[in-house]
Amino acid sequence: MSQTLELPESEDADAENGSVFFVGTATVIIRYAGFTILTDPNFLHSGDHAHLGYGIRSERTTDPAIDIEDLPEDLDFVLLSHYHGDHFDHVVEEKLDKNLPIVTTEHAAEELEEKGFRETYAMDTWEEVTVRKGEVELDITSTPGRHGPPVVEKALPPVMGSVLEFRPTGGDGRTSFRLFISGDTVMYDELEEIPERFPDIDLALLHLGGTEILGVLLTMDAEQGVEAVELFDADENVPVHYDDYEVFQSPLSDFEEAVEAAGLEDRVAYVDRGDTYRFEASASTEEM
């Protein structure tokens, strides 16, 4: 099933340069081709607790680079990987504009509609949402994700990764930039289909941290992060979601060491909270 979101045309649709501003956890602000996209909004502060379900809470150990009141006014939509307290917290539920479109899982869309959010776009795995803004079209595809081993996964919110493909409308169908966001997942066989369907990924944002609850791994640790770099074969990889909560057991330093041991330093860029990763688009990726 494909859905379409129409947005007003932007005055600044720069298709050559883009940026990713790292707020913290899995929260980033993506700017490219006239779009301004917020992912997994989490604006709790150090000492606050995220609710993870079943009475489980985790304390945040960092502050976000900005507060929710400082979000840019030109936000187009939110891309939400799943409905969990460290990805969509109670501050966001209270203060985020209820009319802002949210592209997410079917489970999260149902939860958000109950909270009063008025424009949700629910996706199952491999489904698409097309976002049109002036002369640029963005195709978002929901990709597989598994928030832990099969038995534990059933007790956690369904999660998705996503591939974002930007292309000029009415052109030759060529993608100017292809961005992959892993979502909170561990490595497992179904992820192998992602690079088969979407080769030539320009940039991958990888949710790491080695999240553990009761000794069970729920997100990629350093070793799996290296596996992800090799599997998805993106030109550049930026780790996020790695040290913000007590349940994150695999710090960024572990990933850095693993990347160096694997000889992949030229494929990974490290961005601190409050810093911006800037990229250039080549417009050379063929439409799949």
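**Exercise 1. Find which residues Pro168 touches, not counting residues up to four places away in sequence.**

Step 1. Contact means heavy atoms within 4.5 Å. By this rule Pro168 touches Glu135, Val136 and Arg174. The structure is a predicted model, in which local features need pLDDT of at least 70 and side-chain atom pairs count only at pLDDT 80 or more, while totals for chains, interfaces and linings use all residues. Residues are numbered from 1 along each chain as its sequence is written, and side-chain values use heavy atoms, with hydrogens and water left out.

Step 2. Pro168 belongs to strand S12 (residues 161-168). Strands (E, at least two residues) and helices (H or I, at least four) are DSSP runs, numbered from the N terminus.

Step 3. Classify the exposure. Buried means under 20% relative accessible area, exposed over 50%, and partly exposed in between (1.4 Å probe, protein chains only). Pro168 is partly exposed because its relative accessibility is 45%.

**Exercise 2. Are the residues of strand S14 (residues 203-207) buried or exposed, and which way do they point?**

Step 1. Five of the five residues of S14 are buried.

Step 2. In a regular strand the side chains alternate between the two faces of the sheet.

Step 3. In S14, Leu203, Leu205 and His207 point one way, and Ala204 and Leu206 point the other way.

**Exercise 3. Describe how helix H5 (residues 222-232) and helix H6 (residues 252-261) cross.**

Step 1. Axes are lines fitted to C-alpha atoms, for helices over the stretch in contact, and angles run from 0 to 180 degrees between N-to-C directions. The axes of H5 and H6 come within 8 Å and cross at roughly 50°.

Step 2. Angles under 35 degrees count as roughly parallel, over 145 as roughly antiparallel, 65 to 115 as roughly perpendicular and the rest as oblique. H5 and H6 are therefore oblique to each other.

Step 3. List the contact residues. H5 contributes Ala222, Gly225, Val226 and Val229, and H6 contributes Asp254, Phe255, Ala258 and Val259.

Step 4. Sort them by class. Ala, Val, Leu, Ile, Met, Phe, Trp, Tyr, Cys and Pro count as nonpolar, Asp, Glu, Lys and Arg as charged, and the others, Gly among them, as polar. The contact of H5 with H6 has six nonpolar, one polar and one charged residues.
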